[in-house]
Amino acid sequence: MRDVITEQRSAVSRGHVCWSYDDSAVFDDAARRFLSAGLAAGEQGWYVGPDPAEVARERLAGLPGLDAALRRGDLRIVAPWSAYPPDGLVDPVGQVHAYATATEAALAAGHTGLRVVAECSGLAGTPAQRDRFARYEHRVDRLMRARPFSAMCAYDRTRLGDPAVAELACLHRHTNAPGLLFRLAACGPGTDCAELAGELDPSNHELFAAALERAELRPVDGELRLCGPRLRYIDHRCLTHLARYAARRGAVAVLRASLPTASRLVEMLALTGVRVEAAR
Amino acid sequence: MRTGAAAGHQGYYHEAVCYGSEEELLAVTVPFLLDGVAAGEPTIVAFGERHAALVRSALPAGAEVDFLSGGDLYARPTAAIRSYRALLAAHLARGVGQIRIIGELAPSMLGVTWDWWARYESAINHAYDDFPLWSMCAYDTRVAPPEVLAEVARTHPRYATADRRHVPSEHYTEPAVYLAENRLPVPDPLQLTPPAVELTDPTAAEARRAVYAADGGRLPLDQVEDLVVAVSETVTNALRYGRPAVRLRVWSGDDRIVVSITDRGEGPSDPFAGLLPARHGGPGGLGLWITHQSCNHVAQYRDVDGFTIRLTAGDPLYRTDAATPDPALTASPATA
């Protein structure tokens with residue numbers, strides 16, 4: 001828990017952040033800080049939420065230079081139906097394309113990038129919505145590693161519940177979701193590698209399997225590459241998920257991590273679909 | 001086709017050799033090996049250094065006998081079963097009629113960690129029974145304590161003798177019966193001191209952190225991390241298949257960490273749990289099997305507190321006078 005909270009502070013400055021909340025005032029404060037840091041860095045800011053514009057503006061009150069930023073168009077209050085499909089079923093590919101286009105537009109307008117705070121609870125309420133949105137979350141994570149685009153995705157725990165929030169939170173590099181032990185994020189720009197962090201154990205192996213499915217990782221030269229410089233633990237269930245996932249894609253999973261126990265488990269279980277390589 | 005005493009036998013032909021001198025050991029070993037070589041059977045010795053040298057010197061030059069390092073093979077019972085099964089499967093795939101092996105445990109294994117080797121000796125009657133294996137397990141009656149020799153009699157269906165007889169063991173007990181018996185381990189003196197960590201109903205993650213916290217950097221990291229895997233799996237099983245409350249206790253000594261995980265249930269019903277992967281994917285069986293390969297000793301037993309699995313990383317061969325007991329704790333049923 002301690003490292004999650006620590007990350008939460010630093011994550012506010014940039015990147016792909018999942019902010020789960022049960023107190024909207026606390027979320028508002030986090031949103032203001034996130035957007036404020038972006039505006040200070042010359043980025044264009046978007047606030048996407050279900051509230052009418054005037055209510056959204058009230059929620060942002062206190063953000064330094066709010067009115068001037070709104071007047072100049074540095075900060076925009078965006079209705080969810082103009083940023084996301086009205087039926088709430090996100091098209092992962094199309095949605096990432098839309099944000100990629102918006103990022104390039106912000107750059108063309110002289111900004112250093114695009115930064116979005118989006119209250120996404122309404123787009124992830126049903127299992128079908130959540131599945132689509134989770135797939136989008138990993139794709140957009142890749143965009144954020146490649147382009148100057150940051151986002152804080154906010155989810156209302158009182159509305160979705162902790163298990164549903166965990167399905168989405170684990171696909172963000174940074175999150176404050178309580179009790180979440182692992183994250184699956186995109187690696188550096190221009191790579192098909194994914195990064196695993198935290199702890200993968202019996203409590204979350206099914207969540208991990210679902211996250212893998214939604215990440216839709218692509219093999220390169222017969223290898224599905226994952227790195228885990230911040231992976232502290234992985235158990236045999238999760239290694240087995242990884243091996244089966246890779247096998248379904250006709251590949252071998254290659255996990256680069258400093259986890260000798262993972263190598264020993266692979267050998268013990270004769271898991272031919274996964275190879276653990278010591279991280280340099 | 002099988003040769004020698006095991007001719008016509010189906011499956012595993014398991015014998016003990018209880019010898020009182022090196023001459024007696026050689027009197028059994030040398031003909032066993034040479035007959036195997038003559039029959040073209042894979043013939044293997046898994047002795048410690050001293051006895052391996054003794055046997056080598058007694059064999060004719062060029063005898064096609066394989067010598068395995070007994071020390072590596074017999075580090076942990078479950079790993080030994082896994083290694084041997086792989087070895088036997090490889091020979092069987094080549095179409096051999098029989099495989100002959102003679103092995104021995106190091107004298108240190110006949111002490112406070114004997115209980116899990118006794119379980120091994122019983123379990124292999126089942127674990128190797130799908131191979132045409134004839135093996136002999138050598139025990140020096142001058143070294144093995146009487147209680148060990150009594151367990152040898154219960155875990156080996158027959159004895160091979162120096163006068164080339166093969167005598168049934170009248171005390172042999174079927175593995176399913178033997179392994180289901182409750183077997184209290186020799187108490188580790190560390191357990192008579194207050195634990196470094198004690199948690200009730202910990203999550204697996206909390207249990208892992210407790211082990212790291214208790215370590216203090218005294219043990220090699222790979223041993224601590226293997227113990228962490230074992231503790232994580234055992235706590236998970238206790239929470240999932242045991243009965244609450246689950247109690248985790250960790251003791252840290254200069255040369256070892258001891259962890260006990262107790263729940264109020266009965267423990268696994270599969271007598272081979274831990275020694276073999278769960279049959280038919282039974283509950284928790286893979287975790288317990290991994291646990292047995294990740295620690296230097298595992299004891300499992302039932303007492304008034306419920307079912308306990310005790311795990312040891314580091315040196316499990318403690319001296320029973322190594323710690324000063326806390327008088328207030330000596331009456332604990334879990335350590336009695």
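Two residues are in contact if their C-beta atoms, placed from the backbone, lie within 7 Å, and the legends below use the word in that sense for a predicted model.

**Figure 1. The two domains of chain B and the surface between them.** The domain assignment divides chain B into domain 1, covering 4-178, and domain 2, covering 182-335, and the C-alpha centres of these two domains of chain B are 30 Å apart. Between them, 18 residues of domain 1 of chain B are in contact with 17 residues of domain 2 of chain B. On the domain 1 side of this surface in chain B, two or more residues each come from α4 (77-93), α5 (114-127) and α7 (175-180) of chain B, and the largest share, seven residues, is that of α5(B). Sorted by class, the residues on this side of domain 1 of chain B are 10 nonpolar, five polar and three charged.

**Figure 2. The open sheet of chain B.** Seven strands of chain B form an open sheet with mixed pairing, in the order β3-β2-β4-β5-β1-β6-β7. At its edges are β3 (66-67) and β7 (166-168) of chain B, each of which pairs on one side only. Strands of a sheet pair through backbone hydrogen bonds, either parallel or antiparallel. Strand β1 (residues 13-19) and strand β5 (residues 133-140) of chain B run parallel and are joined by seven bridges; within this pair, V17(B) stands opposite A138(B) of β5(B).

**Figure 3. The surroundings of L227(B) in the largest nonpolar core.** In soluble globular proteins, nonpolar side chains tend to be buried together. The largest nonpolar core here has 172 residues, of which V211(B) and L227(B) touch the most other members. When neighbours within four places in sequence are left aside, L227(B) is in contact with V211(B), I257(B), V259(B), S294(B), C295(B), L311(B) and A313(B), so that V211(B) and L227(B) are also partners in contact under the 7 Å limit between C-beta atoms.

**Figure 4. The fold and extent of chain A.** Chain A contains 12 helices and 11 strands, and its C-alpha trace spans about 60 × 40 × 35 Å along the principal axes. The radius of gyration of chain A is 19 Å, which agrees with the value near 19 Å for a compact globule of 280 residues. Buried residues account for 50% of the 280 residues in chain A. Of the contacts in chain A between residues at least 6 apart in sequence, 70% join residues that are at least 24 apart.

**Figure 5. The two domains of chain A and the surface between them.** In chain A the domain assignment gives domain 1 as 16-180 and domain 2 as 194-277, with 29 Å between their centres, taken over C-alpha atoms. The contact between the two domains of chain A involves eight residues from domain 1 and six residues from domain 2. On the domain 1 side in chain A, α7 (127-146) and α9 (162-169) of chain A each supply at least two residues, and α7(A) gives the most, with four residues. This side of domain 1 of chain A is made up of four nonpolar, one polar and three charged residues.

**Figure 6. The surface of chain A that touches chain B.** Here 12 residues of chain A are in contact with 13 residues of chain B. Helix α12 (residues 260-268) of chain A gives the most to the chain A side, with four residues, and by class this side of chain A has six nonpolar, three polar and three charged residues.

**Figure 7. Positive phi values in two loops of chain A.** E216(A), a residue other than glycine, has a positive phi near 50° and is found in the loop between α10 (205-215) and β9 (223-234) of chain A. Because 11 other C-beta atoms lie within 10 Å, and a residue with 12 or fewer is classed as exposed, E216(A) is exposed. A270(A), in the loop between α12 and β11 (274-277) of chain A, likewise has a positive phi near 50° in a residue other than glycine. With 8 C-beta neighbours inside 10 Å, A270(A) also counts as exposed.

Key. Residues are numbered from 1 along each chain as its sequence is written. Chains are lettered from A and ligands numbered from 1 in the order in which they are written. This is a predicted model: local features need pLDDT of at least 70, side-chain atom pairs count only at pLDDT 80 or more; totals for chains, interfaces and linings use all residues. The radius of gyration is taken over C-alpha atoms; the globule rule is 2.2 Å times the number of residues to the power 0.38. A residue is buried if 20 or more other C-beta atoms lie within 10 Å of its own, exposed if 12 or fewer, and partly exposed in between; C-beta atoms are placed from the backbone. Domain bounds come from an automatic or database domain assignment. Ala, Val, Leu, Ile, Met, Phe, Trp, Tyr, Cys and Pro count as nonpolar, Asp, Glu, Lys and Arg as charged, and the others, Gly among them, as polar. Two strands pair if DSSP finds at least two bridges between them. A nonpolar core is a set of buried Ala, Val, Leu, Ile, Met, Phe, Trp, Tyr and Cys residues joined through C-beta atoms within 7 Å.
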